[in-house]
Amino acid sequence: MEMMRKERIDRGVRVRTAGLYAISTWREMLYLVGPPLFLILGMIILPIILEFAPYWKRVINIVCVYTLLALAFDFLANFVGLVCLGGAFFVGVGGYLSAIFNVYLHFPVYLSIPLATICGAVISTLLLMPALPLRGVYFAIVTLMYPLLATRVIEALNIFGGTNGIIGLDSLPNEYVEHYLIIIATLIFLYGLRRFVNQDMGLVIRGVKDNDQAVRASGISVTRMKAFAVFVASFMGCFAGAYISHMYSWAGTSLFALDFSIIPIASVVIGGGGTLLGAVVGSFILVPVSELLRNFGTFRIVIYCVILTGFIVFKSEGILVYAMRKYHQFERWVKV
Amino acid sequence: MEIIVYGVINSVILSLTALGFTLVYSIARMPNFAHGALYITTGYLAWLFMNKFGSFPYPLAIVLAIGITAAIGALMYRFILIRIRGMEISEIIATYAIGLAILEGLRWGGLRGGTFTLPAFIAGSMNIFGVSVDYQRLLIVAVGIIVFASLYLFTHFNRVGLALRGIAQDERAAMMLGIDSDMTAIISLALGSGLAGLAAVMLLPLGNIIVEVGYSVLIFAIAVSVIGGLGSWGGTILASFIIGFAQILTEAFLSSQYQMVVALLAIIITLLIKPSGIFGKQKELEERV
């Protein structure tokens, strides 16, 4: 029997557009800027398109919140090597802080969200500090414990409104501010992070994942780098939390719920880890699905976990990497 | 006196729950975040065997439940975890996802409220040093001691046990001597899951079978293992005594709500002062940056 194997070859248009100077036709330009433009314009137009479906307009905000969390997870896991099992902790810290600033201290919205984001990021980073000088599973363990613990402490001590939570946060001025604040923030964080991981500091942070001894030998403190990375990730998480608490005008213990930890992880794994864009793709697939399955209650988490395990075991590259390969290359059978 | 007696009992309880986790970590080098889920599964299976699938006698139901849980652990490794072994991020996510799927699936399937309980093996209580202790708790201490002793004997005087220990100490050297790494990992996951199951059937008669117990068991198991040094069995027992007494003291002087805070504080202090835990000497260099 003849042995055949699959060969992958770059498409001609990819080769031609690899250097910007070679672009000569509309088709090549479209090939190059089409996908990012589709994403950016699509996200900006989406609230207007969905004008006729008010329920789904709300879902866009939730999708973006999960996208931010998924970006944070992807950044930590695949660029720094820290697996964060408790994204909900960032959401909870940001949400509660913003509620405290807004309800107890009467700060206006445009002050309470940024303040909560920054303070929350600082607090989260400080709380996660003990696990940072270590390799291995310690970071995962500590992040797993914090959200569970935070819920119990708040309920036991009956602080911050106890089980009822803090109610009566100011909502955002109008619907469009609500949509575009989170959409633009998501785009900024997405492209900012993509840029950041290729800058000097981003390269050092990636070095921490691949070979921390080399980073240390270069006279750079590994712990400080990790702390900075955690700060960036928790910044995004706390922003999402502060935003969501203002969106619902409510901050309660359900901000520490499992959904905020597991859906971002599932999104990253489905979309494709280590690409950042994959996190966006994943949450744009998963979150609407989860809205459709709202009636199933906690069974949704089972579904995510099964999908997640399936992807991580059988298709670990994720959807985006697969799609990009199909976009850039074609395959053919050749004789060995 | 009460504090000492209940402190010892609580410590044995903790070490029973943590032993499975630390065993899997030391041999398969895999953090089994599905530990709490396996614990609850065993309790639920035992309840099912006694109340739904015909009324099995209690001992038979227990043995069956533990056996099935051990099989789940082994199958989980054979069909899922074996494909991602060594990829740390995937390992953590996969075991966590499996654990969550089981726990939340059970919650969705109706494992709520106080309807699910296992009966105590022997009812009644007796006085020890003037403190009234029920027989179930005494039995737990006895079983705990038997488990430690048999585990010690198993890993020191049995070919399979020695192979497990060899893999735990130095995987490459052990593999060079013809020990199959995947086989030992399967055995360790089966053993670890079985131990989680054993702990479950011993401890669940003291309370209800609810999903939240699964999470707190996982957290306490992890806390004890981290403080004792991940993968160190002696450390696990010592750490469970520290945490066990700390818990009883907080319960006596503060409130039982703070138990988990104590566990977390203990973890953080350990990570700050001696990250590799009390007895975690051999892996110290590997884990510290």
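Q: Which residues of helix 2 of chain A meet helix 7 of chain A?
A: I40(A), M43(A), I44(A) and P47(A) of helix 2 meet H179(A), I183(A) and L187(A) of helix 7. Two residues are in contact if their C-beta atoms, placed from the backbone, lie within 7 Å. Helices (H or I, at least four residues) and strands (E, at least two) are DSSP runs, numbered from the N terminus. This is a predicted model, in which local features need pLDDT of at least 70 and side-chain atom pairs count only at pLDDT 80 or more, while totals for chains, interfaces and linings use all residues. Residues are numbered from 1 along each chain as its sequence is written, and chains are lettered from A and ligands numbered from 1 in the order in which they are written.

Q: At what angle do helix 2 and helix 7 of chain A pack?
A: Helix 2 (residues 26–49) and helix 7 (residues 175–196) of chain A pack at about 170 degrees, with their axes 10 Å apart. That makes helix 2 of chain A roughly antiparallel to helix 7 of chain A (an angle over 145 degrees).

Q: New topic: how many residues of chain A are in contact with chain B?
A: In chain A, 40 residues are in contact with 34 residues of chain B. Helix 6 of chain A gives the most to the side of chain A that touches chain B, with 10 residues. That side divides into 30 nonpolar, six polar and four charged residues.

Q: And K6(A), is it buried or exposed?
A: K6(A) is exposed, with 8 other C-beta atoms within 10 Å; 12 or fewer counts as exposed, 20 or more as buried, and in between as partly exposed. K6(A) lies in strand 1 (residues 4–10) of chain A. Leaving aside neighbours within four places in sequence, K6(A) is in contact with E331(A) and W333(A).

Q: Finally, how many helices and strands has chain B?
A: Chain B has 12 helices and two strands. Its C-alpha trace spans about 55 × 45 × 35 Å along its principal axes. Of the 289 residues of chain B, 51% count as buried.

How values were computed
Axes are lines fitted to C-alpha atoms, for helices over the stretch in contact, and angles run from 0 to 180 degrees between N-to-C directions. Angles under 35 degrees count as roughly parallel, over 145 as roughly antiparallel, 65 to 115 as roughly perpendicular and the rest as oblique. Ala, Val, Leu, Ile, Met, Phe, Trp, Tyr, Cys and Pro count as nonpolar, Asp, Glu, Lys and Arg as charged, and the others, Gly among them, as polar.
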